[in-house]
Amino acid sequence: MIEMQDVWKTYPNGAHALQGVSVKINRNEFVYVVGPSGAGKSTFMKLIYREEVPTKGQISVNGFNIGKLKQRKIPYVRRNIGVVFQDYRLLPKLTAYENVAFAMEVIEAPQRIIKKRVMEVLELVGLKAKANREPSQLSGGEQQRIAIARAIVNNPSVIIADEPTGNLDPETSWEIMQLLDEINFRGTTIVMATHNKEIVNTMRKRVLAIERGQIVRDQLRGEYGYEF
Amino acid sequence: MSFRTFLRHLREGAKSIFRNGWMSVASVTSIVVSLFILGVFMLLVMNVNALADKADSNVQINTYLNLNVDEALREKIRSEIETMPEVSSIKYVSKEDGMKELEESLGSEWLEGFSEEDQNPLPDAFEVSVIEPTTVGFVADKISALNEKYAEEPIMRVKYGEGTVETLFKITRTVRNIGFIFVAGLGLMSMFLISNTIRVTILARRREIGIMKLVGATNSFIRWPFFVEGALIGLVGSIVTVTLLFVGYGRLYAAAQTDMTLAKSLIPLGDLWLWLGGIIIVLGVAIGVWGSTMSIRKFLKV
């Protein structure tokens with residue numbers, strides 16, 4: 001599913017974000033990526049959805065060699081990867097429905113199918129009743145659910161979530177985690193970077209710990225392992 | 001691309017013009033200002049060109065004959081002038097013809113009392129055209145010299161726009177050249193102005209583009225609505241410009257009709273609307289599209 005072999009990433013300013021990372025994530029896995037700020041978690045995630053290219057080494061996602069991908073093929077690979085951010089990244093002037101439908105319009109799905117599928121997904125995240133609200137009329141947790149709905153609407157095989165609960169209170173965070181767990185249960189691989197000790201220690205999954213650009217720990221049903 | 005997708009791009013492009021509100025107004029305004037200046041210069045150059053052409057073809061030498069010249073002598077002089085190598089044609093204008101011409105250009109009400117047979121004060125004349133406009137002075141001197149050949153001194157007066165013709169040539173040539181340089185410079189300037197305005201529009205929508213890329217939109221899918229937006233802004237801007245120019249020029253033309261010399265030298269709007277309108281609209285749309293394509297290019301790299 002996702003495989004990295006001796007991946008290095010050095011930014012133009014000389015910072016070595018990743019130094020020889022090798023890892024394999026299987027279909028239908030749920031993986032936490034933990035580690036101190038600036039350790040390379042975000043770079044690790046960005047490499048998977050081809051926001052960045054590795055300086056050295058190989059990455060394959062769904063059988064595509066991400067590092068050697070031709071520019072015009074990138075969109076087609078991204079359609080199979082859903083991305084969720086800490087700051088939701090919704091379009092402020094569109095309604096919840098439009099924000100989710102947007103992801104399907106972009107891949108030129110027929111309007112009839114869009115309507116059906118968007119309502120389906122909104123129901124899954126529990127926001128069918130608020131489909132016509134704009135992001136500013138929704139709470140943080142609700143906005144993140146819309147972002148998750150947008151990420152899964154095209155049935156991607158993997159979801160990349162970069163600190164999806166970072167801006168939310170504990171109770172709302174749990175709701176989001178239950179949603180992600182549900183999505184994972186339905187067959188989607190989830191890779192989630194987080195600083196939330198409580199979540200990692202309670203909802204036991206595979207844990208990858210990254211420090212100074214290297215994977216220092218890889219445990220099935222692991223713990224958070226840091227004191228902050 | 002399916003037809004439905006194409007409609008979506010048109011809709012999105014049009015929608016975002018309204019969504020961007022003042023930014024779109026700024027873009028349209030900058031197009032209007034640049035194209036309007038361009039249009040004024042185009043009108044100026046076109047009119048000066050027409051004037052210069054008219055002057056070119058109008059260079060003729062009016063040779064007025066003395067009243068004592070009879071038909072035989074007149075024919076002799078005609079053949080003398082006709083055989084000069086620089087002369088391309090010669091036309092006899094009798095005093096009656098001369099009066100008719102004058103009536104046509106001035107209107108008969110100005111000439112009341114002069115048009116009767118024995119009241120006509122005009123002399124008989126020859127209108128002599130030369131092959132090369134620059135030789136008028138030389139030919140005119142040659143015609144005047146005929147008086148030395150004949151005892152009757154048949155030539156009363158030889159008239160061509162001495163000096164003025166030459167200076168007119170010089171002035172029109174200069175205005176034409178400066179005009180073209182100005183038009184080219186302004187065209188370039190408006191292009192940069194517009195590309196900058198659209199760049200600001202796109203900067204404001206960086207987030208939207210980022211999200212589109214993230215969910216797997218192809219570059220051409222992202223580019224199309226901006227392309228449509230640029231073209232529409234260009235179209236609206238150029239239509240406003242053309243309207244302003246036509247109304248303004250129409251007013252000017254109407255006002256000029258009260259002045260005899262101006263009325264004849266301005267090109268009527270009917271003769272140039274298609275040309276001028278076409279050029280400005282095509283240019284406006286091209287500038288809009290070019291501006292938006294240039295500005296979006298760098299956001300599509302990642």
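At 63% relative accessibility, R212(A) counts as exposed, where exposed means over 50% relative accessible area, buried under 20% and partly exposed in between, for a 1.4 Å probe and protein chains only. The model is a predicted one, in which local features need pLDDT of at least 70 and side-chain atom pairs count only at pLDDT 80 or more, whereas totals for chains, interfaces and linings use all residues. Side-chain values use heavy atoms, with hydrogens and water left out, residues are numbered from 1 along each chain as its sequence is written, and chains are lettered from A in the order in which they are written.

The side chain of R212(A) meets that of E211(A) in a salt bridge with an N to O distance of 4.0 Å, a salt bridge being a side-chain nitrogen of Lys or Arg within 4 Å of a carboxyl oxygen of Asp or Glu. Over all chains, a search of the whole structure finds 17 salt bridges. One of them joins E29(A) to R206(A), with the closest N and O atoms 2.9 Å apart; because E29(A) lies in the loop between β2 (16–25) and β3 (30–34) of chain A and R206(A) in strand β9 of chain A, this pair ties together parts that are 177 residues apart in sequence. Both partners are buried, E29(A) with a relative accessible area of 15% and R206(A) with one of 9%. Together with D218(A), E29(A) and R206(A) are linked in a network of salt bridges.

Strand β9 (residues 206–211) of chain A is joined by 5 bridges to β10(A), and the two run antiparallel; strands are DSSP runs of E of at least two residues and helices runs of H or I of at least four, numbered from the N terminus, and two strands pair if DSSP finds at least two bridges between them. Within this pairing, A209(A) stands opposite R217(A) in β10(A). In chain A, 6 strands form an open sheet of mixed pairing in the order β6-β7-β8-β3-β9-β10, with β6 and β10 (214–219) as the edge strands, each pairing on one side only.

The salt bridge between R89(A) and D87(A) has its closest N and O atoms 3.2 Å apart. Both residues count as partly exposed, R89(A) at 32% relative accessibility and D87(A) at 36%.
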